[in-house]
Amino acid sequence: MNIIVTGGAGFIGSNFIYYMLKKHPADRIICYDKLTYAGNMETLEKALTKENFKFIRGDIADRKAVYRMFEMEKPDVVVNFAAESHVDRSIENPEVFLQTNVIGTSVLLDACRKYGIDRYHQVSTDEVYGDLPLDRPDLFFTENTNLHTSSPYSASKAGADLLVMAYHRTYNIPITISRCSNNYGPFHFPEKLIPLMIINALSDKKLPVYGDGRNVRDWLFVGDHCAAIDLILRKGRVGEIYNIGGHNERSNLDVVRTILQELGKSEDLIEFVTDRKGHDRRYAIDPSKVRNELGWEPATAFEDGIKETVQWYLNNRDWWMGIISGDYQTYYERMYDNR
Ligand code: NAD
């Protein structure tokens, strides 16, 4: 199969590329990525040594470039990871989120319509469901939960999901959608909670925790997400949405404390900062459908995954030092140092 992976120079897309190169060496992977601040060619260094891997720099919202890529590469499958993905940035500047996440998705779907495709898979998020109250641990997001977005990021992802469903219904494009909970693992960009806390703790910098730190996220090791997408591509039913999550709910404060313990650092580093606007309280996925239909189970316990992740950041300082020394520094100061 010829598989186009958009956004493959980012966190989950790159992990997916490595997963696929190992698991399905007969497939050909073409990574199409704009290389925004979140994309990093160093992440793909090892993939670039493989004969069945190719990188093309391009924007999913650039119609001419996307059509050219379809004509050249003749994909059987498209997996769309490309997105603006950081909620805080969407609050600062929503426009680019609409451009990439909504318009970009529509251009990819148009290309599938024009050239034909065996499967278009949209990588979506549990954030399209909004949030759940902290005092109702019995509630979970199912695939039938109403879309109820809180941030420009989640609204743009929900908009993309609706387009994907509409292209299936109207043009019969063979689509699937996965909505996953929060991921963690190697190559996670330093602005996100877990890498931010590891990197700050390693430098004995303050660990900025939003609000009261009680917000709950449902954490999944990135490799388990990749395995689920691979299963959906091969066995999932066309036109269906699959929620992905491992019933691993933790408050942000618990996650930060676990990281500090792993690194042998003091909890005095924790600093509570002004809460994010519209901050979702709790996400929790009901993964029954992907489990029952496709037999997917997460393979990594949080305790093991977090150890592995902390060790990865210890072993790969050059990767993240390169990022935090550039433009990212200005962003960090604006977000946390001047609050
Ligand atoms: P990321 O920000 O780490 O990577 C995004 C990648 O997309 C980058 O390589 C970037 O260069 C590329 N990109 C951005 N705009 C582009 C454009 N216009 N054209 C082509 N490439 C472009 O994101 P991530 O955390 O790896 O998330 C990947 C996908 O998974 C996103 O669609 C996100 O909504 C979804 N998701 C993420 C999580 C999570 O916890 N990180 C959870 C569920 C779903």
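The sulfur of Cys 226 is 9.2 Å from the closest cysteine sulfur, in Cys 180, which is too far for a bond. The structure holds zero disulfides, a disulfide being a pair of cysteine sulfur atoms within 2.5 Å. This is a predicted model, in which local features need pLDDT of at least 70 and side-chain atom pairs count only at pLDDT 80 or more, while totals for chains, interfaces and linings use all residues. Residues are numbered from 1 along each chain as its sequence is written, and side-chain values use heavy atoms, with hydrogens and water left out.

**Cysteines**

- A disulfide is a covalent bond between the sulfur atoms of two cysteines.
- Cys 226 is buried, with a relative accessible area of 1%; buried means under 20% relative accessible area, exposed over 50%, and partly exposed in between (1.4 Å probe, protein chains only).
- For Cys 112, the closest cysteine sulfur is that of Cys 31, at 16 Å, which is too far for a bond.
- Cys 112 is likewise buried, at a relative accessible area of 2%.

**Ligand surroundings**

- The ligand is surrounded by 28 residues, and the closest are Ile 12, Asp 33, Ser 85, Tyr 153 and Lys 157; a residue is counted as near if one of its heavy atoms lies within 4 Å of the molecule.
- By class, this shell has 12 nonpolar, 12 polar and four charged residues. In this scheme Ala, Val, Leu, Ile, Met, Phe, Trp, Tyr, Cys and Pro count as nonpolar, Asp, Glu, Lys and Arg as charged, and the others, Gly among them, as polar.
- An N or O atom in the side chain of Asp 33 is 2.6 Å from an oxygen atom of the ligand. A polar contact is a pair of N or O atoms within 3.5 Å; within protein, one must be able to donate a hydrogen and the other to accept it, and residues adjacent in sequence count only if both atoms are side-chain atoms.
- Taken alone, the ligand exposes 840 Å², of which the protein buries 97%. Accessible areas come from the Shrake-Rupley method with a 1.4 Å probe, and for residues only the protein chains shown count as cover.
- The elements giving two or more residues to the shell are α1 (11–23), β5 (119–125) and α5 (152–171). Helices (H or I, at least four residues) and strands (E, at least two) are DSSP runs, numbered from the N terminus.
- Strand β5 gives the most to the shell, with three residues.

**Helix α7**

- Helix α7 covers residues 222–235, and its 14 residues should span 20 Å at 1.5 Å a residue; the end C-alpha atoms are 20 Å apart, which agrees. The expected span is 1.5 Å times one less than the number of residues.
- The helix is mostly covered, as 10 of its 14 residues are buried.
- Among the buried residues of α7 are Val 222, His 225, Cys 226, Ile 229 and Leu 233.
- An α-helix has 3.6 residues a turn, so residues three or four places apart point the same way.

**Loop residues**

- Ser 151 lies in the loop between β5 and α5 and counts as buried at 9% relative accessibility.
- The side chain of Ser 151 reaches the backbone nitrogen of Ser 154 at 3.0 Å.
- Leu 35, in the loop between β2 (28–33) and β3 (53–57), has a positive phi of about 60 degrees although it is not a glycine. Leu 35 counts as buried, at 18% relative accessibility.
- Asn 172, in the loop between α5 and β6 (175–180), has a positive phi near 65 degrees and is also a residue other than glycine. Asn 172 counts as exposed, at 60% relative accessibility.

- Phe 221 lies in strand β10 (residues 220–221) and is buried at 9% relative accessibility. Phe 221 and Asp 286 are 65 residues apart in sequence, and their C-alpha atoms are 16 Å apart in space.
- Phe 302 is found in helix α10 (residues 302–315) and is buried at 4% relative accessibility. The C-alpha atoms of Phe 302 and His 279, 23 residues apart along the chain, are separated by 23 Å.
- Tyr 328 belongs to helix α12 (residues 328–337) and is buried, with a relative accessible area of 7%. Tyr 328 and Leu 263 are 65 residues apart in sequence and 24 Å apart in space, C-alpha to C-alpha.
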